Every structure is written in structure tokens, then in C-alpha cells.
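This briefing goes through one protein chain, beginning with a single residue and moving out to the whole fold. Please keep the sequence and the structure in view while reading.

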Amino acid sequence: QVQLVESGGGLVQAGESLRLSCAASGSTGSISAIGWYRQAPGKQRELVATISNVGSTNYADSVQGRFTISRDNAKNTVYLQMNSLKPEDTAVYYCNGKPYAISWPGRYWGQGTQVTVSS
């Protein structure tokens with residue numbers, strides 16, 4: 001089993017930045033990649049960014065150039081640096097862990113952290 005705990009959400013104004021953290025514990029060796037999803041009220045959950053255990057990254061078009069995903073293997077933590085935030089980035093952000101040979105979303109979820117961007 002893998003446990004994921006997010007932190008770092010909050011209320012900011014448009015144009016400001018936030019950094020989310022996802023701390024992993026348990027059988028982390030079974031995870032091939034970590035992703036950040038978000039879900040806004042009334043909308044489907046959206047895959048925002050992913051990072052593999054060798055550091056390969058991918059981003060949704062909506063956040064490309066503004067968000068950066070990174071990892072600190074020594075701390076078993078993945079970060080999502082969010083710059084130039086927009087009101088449409090408002091959502092609950094979830095960390096997701098994907099085992100090997102499994103497509104997104106993976107089976108491990110964090111509890112979510114709220115990000116609210118005011119205009």
C-alpha cells in the first residue's frame with residue numbers, strides 16, 4: 001500500500017503562485033509515476049501534470065508554461081509549482097500514484113487540497 005498526503009493549497013489572487021506538495025509513504029517502490037489531478041465544482045477530474053520515477057514530465061495544455069512538477073526522491077515528495085495562477089485554476093488538487101504497467105489514473109489517491117484563485 002502507498003499513502004499520499006497533499007499540502008500547500010490555499011487562497012491566492014490571480015497572478016500569484018503556490019507550491020503543492022505530495023508526500024508518499026509505504027510501498028513507494030511500486031510506484032512508477034506520480035500525477036496531479038484537479039477537480040473543479042461541476043467538472044470532471046482533470047490530469048494536470050505527471051512525473052515518472054526517472055524524471056520524465058508531462059503537462060496538460062492548460063497549465064503548460066505555468067506549472068512545474070518536480071520530485072525530491074530523498075524525501076519521497078513530489079511538488080507542483082503553480083505560477084501565474086488564474087481563477088480557472090480553482091479546484092481541489094489531488095495527488096495520484098500509478099503502479100507499473102497501469103494506465104492513469106493510478107490506484108492511490110491523496111485526500112486533496114483546495115486551491116482557490118480570486119480575480
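Predicted model: local features only at pLDDT ≥ 70, side-chain atom pairs only at ≥ 80, totals over all residues.

Leaving aside residues up to four places away in sequence, G8 touches L18, R19, L20 and T113.

- The relative accessible area of G8 is 34%, a value that makes the residue partly exposed.
- V115 is 107 residues from G8 in sequence, yet the C-alpha atoms of G8 and V115 are 8.6 Å apart in space.
- Among the residues that G8 touches, T113 is one and L18 is another.

**The disulfide**

- A disulfide is a covalent bond between the sulfur atoms of two cysteines.
- The count for this model is 1 disulfide.
- The bond is formed by C22 and C95, with 1.8 Å between their sulfur atoms.
- C22 belongs to strand β3 (residues 18–26) and C95 to strand β9 (residues 91–99), so the pair ties together parts of the chain that lie 73 residues apart in sequence.
- The link of C22 and C95 is left-handed, with -70° about the S-S bond.
- Are the two cysteines buried or exposed? Both C22 and C95 are buried.

**Fold and dimensions**

- The chain contains 11 strands and 0 helices.
- In sequence order the pattern reads β-β-β-β-β-β-β-β-β-β-β.
- The radius of gyration is 13 Å, close to the 14 Å given by the globule rule for 119 residues, so the chain is as compact as a globular protein of that length.
- Along the principal axes, the C-alpha atoms fill a box of roughly 40 × 30 × 25 Å.

**Burial and contacts**

- Buried residues make up 43% of the 119 in the chain.
- Of the contacts with a separation of 6 or more, 55% are between residues 24 or more positions apart.

Notes: Residues numbered from 1 in each chain as written. Heavy atoms only, no water. Helix = DSSP H or I, 4+ residues; strand = E, 2+ residues; numbered from the N terminus. Rg over C-alpha atoms; globule rule 2.2 N^0.38 Å. Buried < 20%, exposed > 50% of the residue type's maximum accessible area, 1.4 Å probe, protein only. Contact = heavy atoms within 4.5 Å. Disulfide = S-S within 2.5 Å.
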